[in-house]
Amino acid sequence: MTERALRLGTRRSKLAMAQSGQVAETVSQLTGRPVELVEITTYGDTSREHLAQIGGTGVFVTALRDALLAGEVDFAVHSLKDLPTAQPDDLVLAAVPLREDPRDVLIARDGLTFAELPNGARIGTGSPRRMAQLNAYARNHGMTIETVPIRGNIDTRIGFVHKGELDAVVLAAAGLHRVGRIDEVTDFLSVDTVLPAPGQGALAIECAASNASLTAALAELDDPYTRAAVTAERSLLAALEAGCSAPVGALADLLADGQIVKEMRLRGVVGTTDGSTLVQLSTTGPVPETHDQALALGRELAAEMLAKGAAGLMGERVL
């Protein structure tokens, strides 16, 4: 008798289906079992409000988690940056696979880079984090730009540029890679210009804590460096008491001496959306070998940022 197919819960967007499809193939090869995608509509997919207004935290995740807990699906794939920082006891983060490019990118009219945009250029993004950093960069480099809040999937956002409504939009490189549209990028934004969202470019594979055999199988997909990096980034976010709609950027990367990885550097930024005030700091330490060490790296940097005035820049507390 063949084993029944594993059911993978996924959001319905083209991007979610693409990344879940890639995970499904890998899990099928690992387990020798077929994997079927179960499409689930989340509140974040149906709400027409701006993400900053619906609180960001968990709006794309709750319905998938409910399906997991109800036994309707066996495991779920999330964009890690959508996950609330608190992990429920009855669910386990079974794997954080190797991270895709974490950078933000620009898709602009006429193939323009960010530096080539004309004065007064209208740049679309739904992210307060991106707005804060783009506006700060423009201020510091004598540019005038207008950041315009937008929502929608990748097609919708790029469409604003093609239709001439905006000069450019900012998106995550990882999503464009996964849907095969990375060749439309006109500029890769350096992380020195725009730090990505905590966990950007990484996926989270979650299943019920009670399902030990599946948890063990999925653990094969885990990349320990990616997990340590995103754990530190999300620890920073949690310690700043910020949801995923807050203007916080964070990136942990590995510093290598030749082939030998020596240290992990964690950078964080928080700012007002108009870019007038940014608190940007970094810390470097040994590569975390445990979950607790990765958490501590994030907490330490958050404490320094709070001491420098980050708390006053966070806007509304989302409880």
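Reader: How much of the contact set, counting pairs with a separation of 6 or more, comes from residues 24 or more positions apart?

Author: In this predicted model, residues 24 or more positions apart account for 71% of the contacts in the chain that have a separation of 6 or more.

Reader: Which residues have the most contacts inside the largest nonpolar core, and which elements each supply at least two of its residues?

Author: A nonpolar core is a set of buried nonpolar residues joined through side-chain atoms within 4.5 Å. The largest one here has 19 residues, and those with the most contacts inside it are L236, L240, M264, L266, V270, L301 and M305. At least two residues each come from α9 (224-239), β11 (248-257), β12 (260-271), β13 (278-286) and α10 (291-307), with α9 giving the largest share, five residues. A second, separate core holds 16 residues, among them L8, V77, L218 and L221.

Reader: How many aromatic pairs are there, and why is the pair of F114 and Y137 called tilted?

Author: Planes under 30 degrees apart count as stacked and those over 60 as edge-to-face, the rest being tilted. The count comes to one aromatic pair; the ring centres of F114 and Y137 lie 5.4 Å apart with their planes at 40 degrees, so this pair is tilted. The pair links distant parts of the chain, 23 residues apart, with F114 in the loop between β5 (104-108) and β6 (121-124) and Y137 in helix α5 (residues 128-140).

Reader: Is F114 buried or exposed?

Author: F114 is buried, at a relative accessible area of 3%, whereas Y137 is partly exposed, at 24%.

Notes: Residues are numbered from 1 along each chain as its sequence is written. This is a predicted model: local features need pLDDT of at least 70, side-chain atom pairs count only at pLDDT 80 or more; totals for chains, interfaces and linings use all residues. Side-chain values use heavy atoms; hydrogens and water are left out. Contact means heavy atoms within 4.5 Å. Buried means under 20% relative accessible area, exposed over 50%, partly exposed in between (1.4 Å probe, protein chains only). Helices (H or I, at least four residues) and strands (E, at least two) are DSSP runs, numbered from the N terminus. Rings of Phe, Tyr and Trp (its six-membered ring) pair if their centres lie within 6.5 Å; planes under 30 degrees apart count as stacked, over 60 as edge-to-face and the rest as tilted.
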